[in-house]
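Hi everyone, thanks for coming. Let's have a look at this one together, and please stop me whenever a term is new.

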Amino acid sequence: MGATDSTTTDITSTEYSDELVGAAPAPDGPVSVIDYSERIPNNVGLATDRKLQRALESWQPKFLDWWAQLGPSLPTRDVYLRTATAIGRDGWANWDRVPMADYRWGIFLSERSPDRAISFGQHRGDPAWQEVPGEYRADLRRLLVVQGDTEPASVEQQRHLGNTAPSLYDLRNLFQVNVEEGRHLWAMVYLLHAYFGRDGREEAELLLRRHSGDADSPRILGAFNEETTDWLSFFMFTYFTDRDGKYQLGTLKESGFDPLARTCEFMLREEAHHMFVGTTGVQRTVRRTAQLLAGHPDEDLWRHGAIPLAVIQKYLNFQFSVSLDLFGSETSSNVAGYYTAGLKGRWMETRRPDDHQLAGATMDVPVISGGAITARSVPMLTALNLDLRNEYVLDCARGLRKWNAELEQAGIEQQLTLPHAAFNRRVGSFAGHWVSPAGNICSQADWERQAGDWLPTPDDRAAVAELMTPHYEAGEFASWIAPPGVGINELPVEYDYVRF
Ligand code: BYC
């Protein structure tokens with residue numbers, strides 16, 4: 001199917017600076033150059049620590065085996081990829097055609113700032129730790145393992161999408177996301193190896209042994225065991241689930257444990273592109289749908305090779321609700337402990353106008369009681385998962401406005417909406433309750449009767465899957481998605497971003 005005209009708001013691929021919120025500005029100039037002559041490229045002086053270098057070099061072949069078995073399944077010759085060469089503003093993104101098997105995963109930390117002090121919790125004002133404090137070892141390891149577990153999980157979930165990409169442009173974006181998630185795994189494995197001795201090395205092995213959706217050895221967090229069935233679900237995943245990554249990394253970037261903070265700082269820069277893929281992927285899908293909706297009823301769109309708006313809404317409902325679960329419970333003694341210890345801060349911690357210790361502060365958390373959604377006041381320290389989730393929801397709403405602008409510009413009255421936070425939840429106060437996307441509490445029977453109107457049914461997924469045919473001629477796009485306004489790194493949209 002040929003390309004459709006790109007109209008309305010321009011979607012650029014190099015401009016994803018609005019997603020860079022949370023990462024500190026890159027220093028001017030290449031302050032820390034990454035050594036690519038090493039077997040493991042790094043800017044942490046790995047060559048000076050033979051023991052650590054050997055340990056990581058023995059993990060490397062296991063990682064490469066895992067990538068070969070559970071990474072992208074589509075064989076390719078090379079892909080136009082971005083690779084970090086230095087931590088500075090100009091150096092961190094270098095572009096080239098790279099055979100995927102030769103991609104150089106490495107260990108990159110943002111520059112150390114020698115005067116950095118802990119900005120929250122009971123150690124506020126102390127110099128940031130360069131080593132793991134003994135009393136926080138178990139908690140820190142747990143945080144690294146949970147974070148590390150999500151990275152390879154997403155690669156596994158997206159393994160087969162290469163077989164049905166709507167264009168070479170999109171295929172390249174998928175592979176860019178995949179190699180960077182692989183690198184994010186390296187980031188956590190480096191911290192585990194460098195700071196946690198033998199149990200860190202064992203955890204690093206386990207990160208390659210748990211697998212997404214595996215009945216015996218699943219990934220740790222729920223959303224990472226769900227299937228990414230098709231490209232619409234990939235775009236929703238990169239919009240909603242990678243955005244949880246942005247917010248969680250944003251809190252770990254505040255950590256008193258400086259190597260973790262510096263690692264997350266750099267990861268956040270890469271993460272911005274992943275959300276860009278989600279925001280614009282859904283936007284282009286909606287654009288195509290909107291173009292056709294002007295002349296056809298929604299349910300007829302399948303026949304015209306596009307995805308009905310009602311189905312896009314159901315995919316959105318699903319991915320948003322499973323992503324909310326990733327924030328943990330609204331009231332959590334774990335998060336209070338992490339904050340007080342100085343391990344995990346709040347989103348934009350240093351910009352918050354309070355004492356950064358929160359001892360006497362309280363916050364309302366939602367609960368379902370007496371058949372209604374009400375609020376209960378709890379110590380703020382225990383409500384920090386909700387505090388982060390609230391920031392996340394506001395950010396999610398921003399992208400929705402872009403998608404709805406596509407509908408408005410095509411003269412369509414319907415709008416996409418975020419479902420209520422209580423809808424379809426498995427974690428926290430709303431788990432075990434039956435709440436509609438509009439926030440109405442239902443009986444289980446009522447909810448189940450209407451679930452097919454709210455969440456993708458097997459028939460919806462099958463119909464979407466039918467549209468997912470590969471389009472691998474340069475400049476060609478599948479019928480269900482509009483082309484982007486511009487290509488990658490100022491190249492034309494028609495560029496052959498992937499070669500076979
Ligand atoms: N599924 O006190 P609670 C990303 C567990 S995504 C299963 O309510 P807590 C990425 C929880 O572990 C970002 N289990 O929550 C995106 C705990 O178990 P334990 C990943 C869950 O601990 C796309 C128990 O329930 N990073 O980077 O305050 C592509 C009680 O938990 C779930 C992080 O999450 C769930 N959804 O907060 C690639 C940051 N939720 O410990 C990458 C690190 C909770 O009692 N993780 N549980 O056995 C954390 O900060 C916290 O562990 C959580 C949970 C926010 C996940």
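Let's start with a helix pair: Leu185, Val189, Leu192, His193 and Tyr195 in H3 meet Gly197, Gly200, Arg201, Glu203, Ala204, Leu207 and Leu208 in H4. Contact here means heavy atoms within 4.5 Å, and helices (H or I, at least four residues) and strands (E, at least two) are DSSP runs, numbered from the N terminus. The residues of this contact of H3 with H4 are seven nonpolar, three polar and two charged, with Gly counted as polar.

Before going on: this is a predicted model, where local features need pLDDT of at least 70 and side-chain atom pairs need 80 or more, while totals for chains, interfaces and linings use all residues. Residues are numbered from 1 along each chain as its sequence is written, and side-chain values use heavy atoms, without hydrogens or water.

Now the sheet. In what order do the three strands of the open sheet come? The order is S2-S1-S5, with antiparallel pairing; strands pair if DSSP finds at least two bridges between them. At the edges, S2 (94-98) and S5 (498-499) each pair on one side only. S1 (residues 78-83) joins S2 over five bridges, and Leu81 stands opposite Asp96 in S2.

Finally, the ligand: 29 residues surround it, and among the closest are Gln147 and Lys344 (near means a heavy atom within 4 Å). A polar side-chain atom of Ser329 lies 2.7 Å from a ligand oxygen atom. For Asn334, a side-chain N or O atom is 2.8 Å from an oxygen atom of the ligand.

Notes:
Polar contact = N/O pair within 3.5 Å; in protein donor to acceptor, adjacent residues only side chain to side chain.
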